[in-house]
Amino acid sequence: MASQLVSIVTPAFNEAPNIQRFYDQIVSLPLGPDFDFELLFVNDGSTDETEMLIESVVSKDSRVRLVSLSRNFGHQAALSAGLDFSSGDVVITMDVDLQHPPSEVLRMLEEERTLSQLPMPITVQTLTIFQ
């Protein structure tokens, strides 16, 4: 079985102190042979060194990509942009401030694996409109 690509989408607004620490924790995850990953940072118009630090990580690791928004559009818009540019079979959104521990990625992937093995019922819903 081919490995699945996991996209980790991470909005960032003025998060310079957290970029390297978040990246280090993501790349240290023992994903095993079943998963490859891409880390997609979305710079949401940061005014600090966030974009420069992400560009530095991008230049060293081909699994990391950057989407940079022209100004601060807000967390939800940054997530949406990241989802638009992600290419994974599985997409996980996480905050770069480590509010979501990167170790949770392993639990989520195990949950996804379990759910993907269940038979999925087909539900057909009909709508009747009376005139």
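Q: Where is the place of Ser-86?
A: Ser-86 sits in the loop between α3 and β4. This is a predicted model: local features need pLDDT of at least 70, side-chain atom pairs count only at pLDDT 80 or more, and totals for chains, interfaces and linings use all residues. Residues are numbered from 1 along each chain as its sequence is written, and side-chain values use heavy atoms, leaving out hydrogens and water.

Q: Why does Ser-86 count as buried?
A: Buried means under 20% relative accessible area, exposed means over 50%, and partly exposed lies in between (1.4 Å probe, protein chains only). Ser-86 has 18% relative accessibility, so Ser-86 counts as buried.

Q: What does Ser-86 touch, not counting residues up to four places away in sequence?
A: Ser-7, Val-9, Glu-38, Leu-40, Arg-65 and Val-91. Here contact means heavy atoms within 4.5 Å.

Q: What does the side chain of Ser-86 reach at 2.9 Å?
A: The backbone oxygen of Leu-83. A polar contact is a pair of N or O atoms within 3.5 Å; within protein, one must be able to donate a hydrogen and the other to accept it, and residues adjacent in sequence count only if both atoms are side-chain atoms. The 2.9 Å between the Ser-86 side chain and that oxygen meets the distance limit.

Q: What pattern does the protein chain follow along the sequence?
A: The pattern is β-α-β-α-β-α-β-α. That gives four helices and four strands. Both are DSSP runs, numbered from the N terminus (helices: H or I, at least four residues; strands: E, at least two).

Q: How many residues does the protein chain have, and what percentage of them count as buried?
A: The chain has 131 residues, and 37% of them count as buried. Its accessible surface is about 8,200 Å², with 54% belonging to carbon and sulfur atoms.

Q: Why is the pair of Phe-22 and Phe-41 called edge-to-face?
A: A search of the whole structure finds one aromatic pair. The ring centres of Phe-22 and Phe-41 are 6.2 Å apart and the planes meet at 65°, so the pair is edge-to-face. The rule: rings of Phe, Tyr and Trp (its six-membered ring) pair if their centres lie within 6.5 Å; planes under 30 degrees apart are stacked, over 60 edge-to-face, and the rest tilted.

Q: What makes this pair a link between distant parts of the chain?
A: Phe-22 is in helix α1 (residues 16-27), Phe-41 is in strand β2 (residues 35-43), and 19 residues separate them. Phe-22 is buried because its relative accessibility is 0%. Phe-41 also has a relative accessible area of 0%, so Phe-41 is buried.

Q: Which residues have the most contacts inside the largest nonpolar core?
A: Phe-22 and Leu-39, in a core of 23 residues. Such a core is a set of buried Ala, Val, Leu, Ile, Met, Phe, Trp, Tyr and Cys residues joined through side-chain atoms within 4.5 Å. β1 (4-12), α1, β2, α2 (50-60), β4 (90-93) and α4 (104-116) each supply at least two of its residues. A second, separate core has eight residues, including Leu-40 and Leu-79.

Q: How do you know that Leu-106 is partly exposed?
A: Its relative accessible area is 30%, so Leu-106 is partly exposed. Leu-106 is found in helix α4. Beyond its neighbours within four places in sequence, Leu-106 is in contact with Leu-29, Pro-30 and Leu-31. Leu-106 and Leu-31 are 75 residues apart in sequence, yet 7.0 Å apart in space, C-alpha to C-alpha.

Q: Is Asn-18 buried or exposed?
A: Its relative accessibility is 12%, so Asn-18 counts as buried. Asn-18 is in helix α1. A polar contact of 2.7 Å joins its side chain to that of Arg-21.

Q: What makes Asn-72 partly exposed?
A: Asn-72 is partly exposed because its relative accessible area is 35%. Asn-72 lies in the loop between β3 (64-68) and α3 (75-85).

Q: With which side chain does the side chain of Asn-72 make a polar contact?
A: With that of Asp-44, at 3.0 Å.

Conventions: Areas by Shrake-Rupley, 256 points an atom, 1.4 Å probe, with all protein chains shown as cover.
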